[in-house]
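Subject: Structure handover

Hello,

Please find the structure below, followed by notes on what was found in it.

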Amino acid sequence: QLQLVESGGGLVQPGESLKLSCAASGFTLEGYAIVWSRQAPGKEREVVSCISNSGGYQSYSDSVKGRFTISRDNAKNTVYLQMNSLRPEDTANYYCAAETRAPTSLCGDYPRRILNGMNWGKGTLVTISS
């Protein structure tokens with residue numbers, strides 16, 4: 001299985017920044033688009049961002065566009081999510097997963113049934129509170 005490990009979460013105040021990391025364990029990320037999602041207590045999982053295998057394509061949800069930046073360093077086998085201007089509504093567990101549908105190099109559409117079937121990591125908790 002394509003196992004990913006998220007890190008970098010924490011407690012910050014509104015307006016501050018955090019940078020999350022998503023590291024691969026036991027495989028090379030280079031051939032895969034990577035998706036970040038989040039899930040707040042009592043809410044459904046939502047896709048936050050996706051990056052193609054080369055990094056040349058990135059997509060963002062409307063709720064984070066202009067504040068979050070996804071990037072990757074294939075040499076370090078890691079994908080990042082830079083989160084700026086954080087808001088209380090960004091509070092959630094954040095997860096990453098590799099795209100396993102062909103072509104694995106590209107971001108796809110992520111309806112609920114696809115999201116629920118992806119192999120998400122254990123997540124990292126982000127809490128925005130004053």
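Strands (E, at least two residues) and helices (H or I, at least four) are DSSP runs, numbered from the N terminus, and two strands pair if DSSP finds at least two bridges between them. This is a predicted model, in which local features need pLDDT of at least 70 and side-chain atom pairs count only at pLDDT 80 or more, while totals for chains, interfaces and linings use all residues. Residues are numbered from 1 along each chain as its sequence is written, and side-chain values use heavy atoms, with hydrogens and water left out.

The six-stranded sheet

Six strands make up an open sheet with mixed pairing, in the order β2-β10-β9-β4-β5-β6. Its edge strands, β2 (10-12) and β6 (58-60), each pair on one side only. On average, neighbouring strands here are turned by 20 degrees against each other, direction ignored; the axes behind this value are lines fitted to C-alpha atoms (for helices, over the stretch in contact), and angles run from 0 to 180 degrees between N-to-C directions. Within the sheet, β4 (residues 34-39) and β9 (residues 92-98) run antiparallel and are joined by six bridges.

Arg38

Arg38 lies in strand β4 and stands opposite Tyr94 in β9. Is Arg38 buried or exposed? Its relative accessible area is 5%, so Arg38 is buried (buried is under 20%, exposed over 50%, partly exposed in between, with a 1.4 Å probe and protein chains only). The side chain of Arg38 makes polar contacts with two others: the side chain of Asp90 at 2.9 Å and that of Ser63 at 3.4 Å. A polar contact is a pair of N or O atoms within 3.5 Å; within protein, one must be able to donate a hydrogen and the other to accept it, and residues adjacent in sequence count only if both atoms are side-chain atoms. Leaving aside residues up to four places away in sequence, Arg38 also touches several others (heavy atoms within 4.5 Å), among them Glu44, Arg45, Val48, Phe68, Glu89 and Tyr94.

The four-stranded sheet

A further open sheet has four strands in the order β1-β3-β8-β7, with antiparallel pairing. At its edges stand β1 and β7 (68-73); each has a single partner strand, so one side of each has no neighbour in the sheet. The twist from one strand to the next averages 20 degrees. Five bridges hold β1 (residues 3-7) against β3 (residues 18-25), with Leu4 partnered by Ala24 in β3. Between β3 and β8 (residues 78-83) there are six bridges. Cys22 stands opposite Val79 in β8, and Ser21 has Tyr80 as its bridge partner there.

Rings and charges

A charge sits over a ring if NZ of Lys or CZ of Arg is within 6 Å of the ring centre and within 35 degrees of the ring normal. The charged end of Lys19 is placed this way over the ring of Tyr80, 4.6 Å from its centre. The charged end of Arg45 sits over the ring of Tyr95, at 4.5 Å from the centre.

Regards
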